[in-house]
Amino acid sequence: QVQLVESGGGLVQPGGSLRLSCTVSGTIFAIYTMGWYRQAPGKQRELVATITKSLNTNYVDSVKGRFTISRDNAKNTVYLQMNNLKPEDTAVYYCNAEIRPIGVPTTNYWGQGTQVIVSS
C-alpha cells in the first residue's frame, strides 16, 4: 500500500521560511513527477510546483523566486523550501506523486495535507 507522509507545516511570520517534506512509502516500482499543491479557505486547490524524475521543475508564477522544489530519489522524498512567505501563501499544502506500485498501473497519489499559516 502506497502512502505519502508530509511534514514541516506550521505558523510563520511574513518574510519567514518553512521547508515541507513528503516521503513515499510502500512497494514501489517507480515514482515519476512529484509536486506540491495548495488549497486556501474558500478557494480551489492550485498547483504550486512540480519536479520530474529527471529534476525538471515548474512553478506557479506567484511563488517563482521564493519557493524551491527538490527531490531525493534515493529517499523517495520531495521537498518544498518556502522563503519570504506572504500571508497569501496561507493554505493547506498537499504532496502529489505519480507512482507505479509493483503490479499496479501508474496512479496519482495524494498526501494528507499540512497546514501553513503566514501571519504576524
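Thr107 is partly exposed, with a relative accessible area of 32%. This value, like all that follow, comes from a predicted model. A residue counts as buried under 20% relative accessible area and as exposed over 50%, so the 32% of Thr107 places this residue in between. Thr107 belongs to strand β10, which covers residues 107-110. Its side chain reaches the backbone oxygen of Pro105 at a distance of 3.0 Å. Leaving aside residues up to four places away in sequence, Thr107 touches Ala97, Glu98 and Ile99. Ser21, by comparison, is 86 residues from Thr107 in sequence, and the two C-alpha atoms are 20 Å apart in space.

Strands of a sheet pair through backbone hydrogen bonds, either parallel or antiparallel. Here four strands are arranged in the order β1-β3-β8-β7, and their pairing is antiparallel. Strands β1 (3-7) and β7 (67-72) stand at the edges; each has a single partner strand, and therefore one side of each is left without a neighbour in the sheet. From one strand to the next, the twist averages 15°. Strand β1 is joined to strand β3 (residues 18-25) by five bridges, and the two run antiparallel. Within this pairing, Ser7 has Ser21 of β3 as its bridge partner.

Strand β8 of the sheet spans residues 77-82 and contains Thr77. Is Thr77 buried or exposed? Its relative accessible area is 4%, and because buried means under 20%, Thr77 is buried. The side chain of Thr77 makes a polar contact with the side chain of Thr23, at 2.9 Å. Not counting residues up to four places away in sequence, the residues that Thr77 touches are Cys22, Thr23, Met34, Ser70, Arg71 and Asp72.

The structure holds one disulfide. Cys22 and Cys95 form this bond, and their sulfur atoms lie 2.1 Å apart. The link is left-handed, with -80° about the S-S bond.

Conventions: Residues are numbered from 1 along each chain as its sequence is written. This is a predicted model: local features need pLDDT of at least 70, side-chain atom pairs count only at pLDDT 80 or more; totals for chains, interfaces and linings use all residues. Side-chain values use heavy atoms; hydrogens and water are left out. Buried means under 20% relative accessible area, exposed over 50%, partly exposed in between (1.4 Å probe, protein chains only). Contact means heavy atoms within 4.5 Å. A polar contact is a pair of N or O atoms within 3.5 Å; within protein, one must be able to donate a hydrogen and the other to accept it, and residues adjacent in sequence count only if both atoms are side-chain atoms. Two strands pair if DSSP finds at least two bridges between them. Axes are lines fitted to C-alpha atoms, for helices over the stretch in contact, and angles run from 0 to 180 degrees between N-to-C directions. A disulfide is a pair of cysteine sulfur atoms within 2.5 Å.
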